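Work through the exercises below with the structure in view. Try each task before you read its solution.

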Amino acid sequence: MSISTDDRLPVPDGPTISSEEAKVEQLSKKAQKRTAKAARYAELKAERRAREKERKKMKRAAAQPDPHDVDTVVPQSKRARLDPASPTKFKAQLVVDLGFDDKMSEKEVISLSSQLAYTYSANKKALCPFDRLIYTSLDGKTLNRLESVGDAGYKRWTGVEWWAESYQKLWDPPDDHAPVDRGAIVYLTADSDVELTELKEGETYIIGGIVDHNRYKNLCLDKAVETGVRHARLPIGTYLAELPTRKVLTVNQVVEILLHWNQSRDWKEALYSVMPKRKFKRPEDAQRGKTTEVVVEEPGQEES
């Protein structure tokens, strides 16, 4: 049987693609998009994990004190059962002076920011907390660090004041605030030649908020003298003779010692409760007439 030319189907000009081949090509494009998306996700994964880790760290720090001896820490729930009484505030002000931002590296600022969280938590959980907690001279790298962690979680800390101004605002406040007597302000620094014998209600105690790895000598002492406020050092040498080192501590350690004293009125008990046990003279060294070499950090420095 013959077929005429007019009865034949038209032949397409270009190459033909079957439906299966078209489907394969379509799936390939989707796979490429998925691959590209996965690559972008992988690039951001490490950064997200780092942010989340830091956020959780700050959240944990704000939720509980920094324990130096885990075996002796009483859980908050158990402490509440043992002592159901409400905290009794110690009617004094505690100030952390953050006016050393230009003297710290980024790593030191990160360390300081964590210590500020521990400081806040220690006062919040204490049985005899300070009546008022103020962070002064908040600016620059420290402010940027706090803003970047936990969606600026520091702004949600309760019972805390954040000042962009220096602590000099205490005795030179705005018109609608009563000034603090400058004679009732004490800057705590290990470089002072005056030993602190007790804390007094109605006074204000300032701690230098700096991590400097001992680069700057007499920094806080000089600042106290320049601004005309009293200065003093904790009585570590008097009560801890077995600590043969320069008597300087981290910000949160100083705060915890003060809080323990508020409750016990006993410097030795307060110091032993907070000082890391490895800082003390070892019995075997004492028998040999030796002392243990110890490095105790500057205020605000994270322990090694």
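Of the chain's 304 residues, 39% count as buried. The model is a predicted one. The chain contains 9 helices and 6 strands. Take contacts between residues at least 6 apart in sequence: 78% of them join residues at least 24 apart.

**Exercise 1**

Task: Find how helix 3 and helix 7 are oriented to each other, and list the residues that make the contact.

Solution: 

Step 1. Recall what to look for. Two packed helices are described by the angle between their axes and the distance between the axes.

Step 2. Read off both values. The axes of helix 3 (residues 106–125) and helix 7 (residues 251–264) come within 8 Å. They cross at roughly 15°.

Step 3. Apply the cut-off. Angles under 35 degrees count as roughly parallel. Helix 3 and helix 7 are therefore roughly parallel to each other.

Step 4. The crossing of helix 3 and helix 7 is right-handed.

Step 5. List the residues. Helix 3 contributes Leu112, Gln115, Tyr118, Thr119, Ala122 and Asn123. Helix 7 contributes Val251, Asn252, Val255, Glu256 and Leu259.

Step 6. Sort by class. The contact of helix 3 with helix 7 has 6 nonpolar, 4 polar and 1 charged residues.

**Exercise 2**

Task: Is Met104 buried or exposed, and which residues does Met104 touch?

Solution: 

Step 1. Locate the residue. Met104 lies in the loop between strand 1 and helix 3.

Step 2. Check the area. Buried means under 20% relative accessible area. Met104 has 4%, so Met104 is buried.

Step 3. List the neighbours. Leaving out residues up to four places away in sequence, Met104 touches Val109, Leu112, Lys141, Thr142, Gly209, Ile210, Val211 and Arg215.

Step 4. Compare sequence with space. Met104 and Asp212 are 108 residues apart in sequence. Their C-alpha atoms are 6.3 Å apart.

**Exercise 3**

Task: Which residues of helix 5 are buried, and what do they pack against?

Solution: 

Step 1. Pick out the residues. In helix 5 (residues 219–227), Leu219, Cys220, Leu221, Lys223, Ala224 and Thr227 are buried.

Step 2. Find their partners. These buried residues pack against strand 1 (90–97), strand 4 (185–188), strand 5 (204–208) and strand 6.

Step 3. Zoom in on one strand. His231 sits in strand 6 (residues 230–232). Among the residues that His231 touches are Leu221 and Ala224. The side chains of His231 and Ser192 form a polar contact of 2.7 Å.

Step 4. Look past the helix. Gly228 follows helix 5 and has a positive phi, near 75°.

Methods:
Residues are numbered from 1 along each chain as its sequence is written. This is a predicted model: local features need pLDDT of at least 70, side-chain atom pairs count only at pLDDT 80 or more; totals for chains, interfaces and linings use all residues. Side-chain values use heavy atoms; hydrogens and water are left out. Axes are lines fitted to C-alpha atoms, for helices over the stretch in contact, and angles run from 0 to 180 degrees between N-to-C directions. Helices (H or I, at least four residues) and strands (E, at least two) are DSSP runs, numbered from the N terminus. Angles under 35 degrees count as roughly parallel, over 145 as roughly antiparallel, 65 to 115 as roughly perpendicular and the rest as oblique. A crossing is left-handed if the near helix is turned anticlockwise from the far one by less than a right angle, and right-handed if clockwise. Contact means heavy atoms within 4.5 Å. Ala, Val, Leu, Ile, Met, Phe, Trp, Tyr, Cys and Pro count as nonpolar, Asp, Glu, Lys and Arg as charged, and the others, Gly among them, as polar. A polar contact is a pair of N or O atoms within 3.5 Å; within protein, one must be able to donate a hydrogen and the other to accept it, and residues adjacent in sequence count only if both atoms are side-chain atoms. Buried means under 20% relative accessible area, exposed over 50%, partly exposed in between (1.4 Å probe, protein chains only).
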